[in-house]
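Please look over the sequence and the model shown below, keeping both at hand while reading the report.

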Amino acid sequence: MHDLPVKTDPFDKEKRQRLVRVALGQEAADTVIVNAQIVDVLTREIYTADVALAGGRVAGVGSGYRAPELIDAHGAFLAPGFMDAHIHIESSLLTPARFAQAVRPHGTTGVVAEPHELVNVLGLHGLHWMLEAGRGSGLRVYASLPSCVPASEYERGGAVLTAQDIREGLAVPGVLGLAEMMNYPGVLGGDAGVWSVLEQAQGRRDGHAAGLRGAQVQAYAAAGIHSDHEAVTPQEALERLRAGLWLMVREGSAARNLDALLPVLRGDWSGGRPPRRAMLVSDDVSVDELLELGHLDRLMRTCVAGGLHPADALALVTCNPAEYWGLHDLGAVCPGYHADLVLLKDLQSFEVLDTWVGGQRGMTTAATPALPGGAVLLGAEWERASFEPPASWPVIGVRPEQIVTDALPSGSGDTRLVVSDRYGRGEVAACWAAGLHLERGAVALSVLHDAHHVIAAGADAGSIRAAGRALEALGGGAVVVDETGRVLAELPLPFAGLMTDAPPQAAAQQAEGIKAALHSLGCTLPYPITTLSFLGLTVIPSLKLTPRGLFDVEGWQLVGEAVVGDA
């Protein structure tokens with residue numbers, strides 16, 4: 001599929017009049033899907049009908065339509081295509097076209113991408129590239145505009161977005177609103193720069209309220225924020241819903257919150273009535289997990305197994321995200337809506353039999369556009385740094401399936417952690433981490449939310465140095481070395497050090513190679529690339545490492561600053 005529009009089309013009188021004629025039986029449709037069980041996510045009904053498609057839209061749902069192409073559904077379930085309302089495509093490690101190849105077989109037909117990673121490296125050029133690459137991907141790719149570049153004043157990436165940049169970015173076709181406002185201390189504290197960004201967005205303003213409770217949640221919502229995907233307990237989820245925020249229930253590779261929040265989605269607190277404003281999102285999900293477990297279909301399987309009605313589960317990835325983002329012609333099998341559809345074998349496994357995007361069956365993709373820039377530059381400082389963590393600093397406690405960390409007492413670490421500026425500014429810092437369990441060797445990668453510096457973890461300074469050198473020579477990605485510096489596995493990510501245009505299966509195999517190599521060195525993390533990539537994000541509690549030093553998120557201050565000589 002080529003040049004798929006990223007915005008809902010403006011009203012076209014001639015096309016709409018044709019839909020009317022097809023619905024009335026006065027003109028043939030392009031395609032009619034017959035003998036389908038329609039899953040109506042608006043009324044929560046399931047009923048048998050035929051569906052007429054014309055000009056990329058649904059013309060009618062009923063019977064008696066004619067068309068040159070008839071597709072017999074044989075009683076399978078026809079539902080709207082699935083939409084991920086908040087996802088960082090870059091975290092899959094794939095370009096948009098390759099990401100589409102991984103998720104469309106699982107029923108995903110559209111996403112609202114938050115290109116925060118690419119924009120931190122390349123500025124607004126990264127946003128334009130993501131939308132351009134999305135148009136030829138075979139998915140309907142929208143975007144939300146990153147609101148915090150950098151994520152906080154304690155991070156320095158490759159770009160800074162000013163209020164003027166935000167104003168320009170929000171006017172780009174395909175941008176639906178302002179992405180997650182991560183600098184919640186700035187929101188609550190009245191920071192002038194943060195509020196100037198909020199002021200630019202007249203539509204949706206996504207939230208990011210990790211750890212906020214009580215009056216802080218009320219204040220965050222009062223600031224004009226519309227959603228949050230950081231709830232990790234039912235109590236946090238309810239607080240957000242009661243504050244009028246849309247609840248995005250996140251289930252990704254490094255942060256798994258669905259099981260904990262199922263009671264809220266079932267409506268256990270409201271007599272079995274599911275919340276009106278909820279969605280399922282993946283936020284960050286790796287290519288190996290997408291191929292192994294699936295995408296939004298996997299999340300719905302969990303929901304139905306946990307007691308949700310299938311139509312309620314489907315609403316979480318269809319009409320609800322479409323409503324939230326103002327996509328009035330998406331998210332339902334209804335006349336006039338875009339024909340983004342999925343044919344399902346059943347409503348327990350959600351096994352996908354067929355998909356349509358814009359009425360087009362099957363999938364073709366355009367070539368991924370070139371993406372210059374985004375080099376990984378470690379420089380001489382990498383050779384001079386000692387990588388010796390200050391003994392007095394607390395230890396980052398790493399959780400296997402969460403992106404939050406714990407602050408542990410000094411002396412309890414098992415692995416050295418190093419973060420180095422990748423943009424040539426010569427800043428390097430080191431600390432101890434617990435929970436990585438690297439007994440020998442090291443790993444280095446250029447994916448580190450959100451500034452995307454180089455992060456390395458290892459058992460000794462020599463292995464860490466060797467891993468960094470190998471990563472720089474690779475041009476970005478991930479590298480694992482043993483205690484002698486020999487490369488055990490590598491994953492090249494030539495697109496800004498974040499993505500590959502290799503087929504999903506090849507990328508997944510390389511990611512599995514990184515995981516296997518790390519496991520052979522003692523690491524026990526189930527998705528080590530994703531978990532490591534969040535250990536530098538200064539807006540997720542508790543401790544994170546930046547090139548400037550160890551950062552206490554809850555105290556909103558550096559524990560201590562490091563220079564090259566004593567890093």
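## Basis of the model

This is a predicted model, in which local features need pLDDT of at least 70 and side-chain atom pairs count only at pLDDT 80 or more, whereas totals for chains, interfaces and linings use all residues. Residues are numbered from 1 along each chain as its sequence is written, and side-chain values use heavy atoms, with hydrogens and water left out.

## Annotated spans

Helices (H or I, at least four residues) and strands (E, at least two) are DSSP runs numbered from the N terminus. In these terms, residues 78–360 are 37% helix and 19% strand, with end C-alpha atoms 15 Å apart, while residues 416–554 are 26% helix and 29% strand, with end C-alpha atoms 23 Å apart.

Helix α2 (residues 96–103) is largely enclosed by the rest of the structure, because six of its eight residues are buried, where buried means under 20% relative accessible area, exposed over 50% and partly exposed in between (1.4 Å probe, protein chains only). The buried residues are Pro96, Ala97, Phe99, Ala100, Ala102 and Val103. They pack against β6 (82–87), β7 (108–113), α4 (124–135), α11 (287–293) and α17 (504–520), with contact meaning heavy atoms within 4.5 Å.

## The pair α9 and α10

Two packed helices are described by the angle between their axes and the distance between the axes. For α9 (residues 234–242) and α10 (residues 258–266), the axes come within 9 Å and cross at roughly 45 degrees; axes here are lines fitted to C-alpha atoms, for helices over the stretch in contact, and angles run from 0 to 180 degrees between N-to-C directions. The two helices are therefore oblique to each other, given that angles under 35 degrees count as roughly parallel, over 145 as roughly antiparallel, 65 to 115 as roughly perpendicular and the rest as oblique. Pro234, Ala237, Leu238 and Leu241 of α9 make the contact with Ala260, Leu261 and Val264 of α10.

## The setting of His208

His208 is placed in the loop between β10 (204–207) and α8 (215–222), and at 2% relative accessibility it counts as buried. Its side chain makes a polar contact of 3.2 Å with the side chain of Glu230 (a pair of N or O atoms within 3.5 Å; within protein, one must be able to donate a hydrogen and the other to accept it, and residues adjacent in sequence count only if both atoms are side-chain atoms). Not counting residues up to four places away in sequence, His208 touches residues including Glu180, Met181, Tyr184, Tyr220, Asp228, His229, Val539 and Ile540.

## Backbone details

Most residues other than glycine have a negative phi, and most peptide bonds are trans. Leu93, in the loop between β6 and α2, has a positive phi of about 75 degrees although it is not a glycine, and Leu93 is buried with a relative accessible area of 4%. Asp283, in the loop between β13 (278–281) and α11, has a positive phi near 60 degrees and is buried, with a relative accessible area of 4%.

The peptide bond from Val149 to Pro150 is cis, with omega near 5 degrees, and Pro150 belongs to the loop between β8 (140–145) and α5 (163–170). The bond from Pro541 to Ser542 is cis, with omega near 5 degrees, and Ser542 lies in the loop between α18 (528–532) and β25 (543–546).
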